[in-house]
Structure formats: structure tokens, C-alpha cells
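Please inspect the sequence and the structure below before reading on.

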Amino acid sequence: MDKYKLIEKLQEMLNYEYTDVFIYNTEAELLENKIKNGAKLKSLYKNFALDELTHAEIISKKILDLKEKPIWEYKNFLVSKSVRESLKFHIEREIKAIRSYQELIENITDREFKIKLKGIKNDEEEHLKQITDFLNNLR
Ligand SMILES: [Fe+2]
Ligand SMILES: [Fe+2]
């Protein structure tokens, strides 16, 4: 992958991560009182938001290392009003993130950055697992 393609892809992931920070944080507050164990959902989402912020910072730093200016923008998504809808939405987004990071890992040669991306991907897999478990326990 050439440098410009990589920067483009990194900007895309920065936008994705930053968007997730907002959605998780907003929904953590919004959905807390909608279910019996809402406090658990809230702390789960708050922790995920922190992870996504860390991911965004790693990506942002890499863009800077490549002598480009990271653009911290997020997509203005409608947040989910139901817990179930929210969990399903995040399952889809986490799967997409895992796919994107896997693709990136396969297409770069920078070993040090590869290790960092693998760490991020592991986090997303953990998010996916915990959200899936939470959804299954709702039934
Ligand atoms: Fe992330
Ligand atoms: Fe995630």
C-alpha cells in the first residue's frame, strides 16, 4: 500500500473511531434507564468509548508520523433509542472495524505499526464478544 493510500485509510479509521467515541458515550447515558441492568450497559459503553479514543489517538499519531494532518471529524449518527437496536448496530460496526483492521494489517509492511493494529483489532474483538454476550443475555 503506498503512502497516500495508507493516509487515506488511516483518516477513514480515525473518523470511524472518533464517531464510535461519540455514539458509545451518548448511548451510555441515553439507554441507562431503559433496562434493569442498565448500569452494566452504561459502564460497558463508557469503557468502549475510552478504548475507541485510545485507538483514535494511535491512528492520529501515525498520520502525524507520515507528515500529514489528522482530521478529527465524526459522522453525526442518529443514536439508538432502544437497547436491542443499539447492541445490534454496534455488533455490525465492530465487525466492520475488525475487517478494516485485518485488511490494513495484511497490506502494510511496517512491523511496529502492524503490532499496534493487531492490539486495536484484539480490542474490537473483545468489544464484539461482550456486546454479543450482552444481547444474548437480554433474551
Ligand atoms: Fe476502535
Ligand atoms: Fe470497538
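**Helix lengths and buried residues**

The model is a predicted one. Helix 1 covers residues 3-31. Helix 1 comprises 29 residues, and the distance from its first C-alpha to its last is 41 Å, close to the 42 Å expected at 1.5 Å a residue. Helix 2 (38-65) comprises 28 residues and reaches 41 Å between its first and last C-alpha atoms, close to an expected 40 Å. For helix 4 (residues 111-138), 28 residues at 1.5 Å each should span 40 Å; the end C-alpha atoms are 41 Å apart, which agrees.

The buried residues of helix 1 are Leu10, Met13, Leu14, Glu17, Tyr18, Asp20, Ile23, Tyr24, Glu27, Ala28 and Leu31. The cover over these residues includes helix 2 and helix 3. An α-helix has 3.6 residues a turn, so residues three or four places apart point the same way.

In helix 2, the buried positions are Leu41, Leu44, Tyr45, Phe48, Glu52, His55, Ala56, Ile59, Ser60 and Lys62. These buried residues pack against helix 1, helix 3 and helix 4.

Helix 4 has Leu117, Ile120, Glu124, His127 and Ile131 as buried residues. What covers them includes helix 2 and helix 3 (83-106).

**Packing between helices**

| Helix pair | Crossing angle | Axis separation |
|---|---|---|
| Helix 1 and helix 2 | roughly 160° | within 8 Å |
| Helix 2 and helix 4 | roughly 160° | within 11 Å |
| Helix 1 and helix 3 | about 160° | 12 Å |

The axes of helix 1 and helix 2 come within 8 Å and cross at roughly 160°. With an angle over 145 degrees counting as roughly antiparallel, helix 1 is therefore roughly antiparallel to helix 2. The crossing of helix 1 and helix 2 is left-handed. Their contact contains 17 nonpolar, five polar and seven charged residues.

Helix 2 and helix 4 also cross at roughly 160°, and their axes come within 11 Å. That angle makes helix 2 roughly antiparallel to helix 4. The crossing of helix 2 and helix 4 is left-handed. From helix 2, the contact is made by Leu41, Leu44, Phe48, Asp51, His55, Ile58 and Lys62, and from helix 4 by Phe113, Lys116, Ile120, Asp123, His127, Gln130 and Phe134. By class, the residues of this contact divide into seven nonpolar, three polar and four charged.

Helix 1 and helix 3 pack with their axes 12 Å apart, at an angle of about 160°. These two helices are therefore roughly antiparallel to each other. The crossing of helix 1 and helix 3 is left-handed. Helix 1 contributes Lys9, Met13, Tyr16, Asp20, Glu27 and Leu31 to the contact, and helix 3 contributes Val83, Ser86, Arg93, Ala97, Ser100 and Leu104. Six nonpolar, two polar and four charged residues make up the contact of helix 1 with helix 3.

**Individual residues**

Lys9 is placed in helix 1. Lys9 and His127 are 118 residues apart along the chain, and their C-alpha atoms are separated by 22 Å.

Tyr101 belongs to helix 3. With 21 C-beta neighbours inside 10 Å, Tyr101 counts as buried. Tyr101 touches Leu117, Ile120, Lys121 and Glu124, residues up to four places away in sequence not being counted. Between Tyr101 and Leu117 there are 16 residues of sequence separation, and their C-alpha atoms are 6.6 Å apart.

Lys67 follows helix 2 and lies in the loop between helix 2 and helix 3. Is Lys67 buried or exposed? Lys67 is exposed, with 8 other C-beta atoms within 10 Å. Most residues other than glycine have a negative phi. Lys67, although not a glycine, has a positive phi of about 65°.

Key
Residues numbered from 1 in each chain as written. Chains lettered and ligands numbered in written order. Predicted model: local features only at pLDDT ≥ 70, side-chain atom pairs only at ≥ 80, totals over all residues. Helix = DSSP H or I, 4+ residues; strand = E, 2+ residues; numbered from the N terminus. Expected span 1.5 Å × (residues − 1). Buried ≥ 20, exposed ≤ 12 C-beta atoms within 10 Å, placed from the backbone. Contact = placed C-beta atoms within 7 Å. Axes fitted to C-alpha atoms, helices over the stretch in contact; angles between N-to-C directions. Parallel < 35°, antiparallel > 145°, perpendicular 65-115°, else oblique. Left-handed = near helix turned anticlockwise from the far one by under 90°. Nonpolar A, V, L, I, M, F, W, Y, C, P; charged D, E, K, R; others polar.
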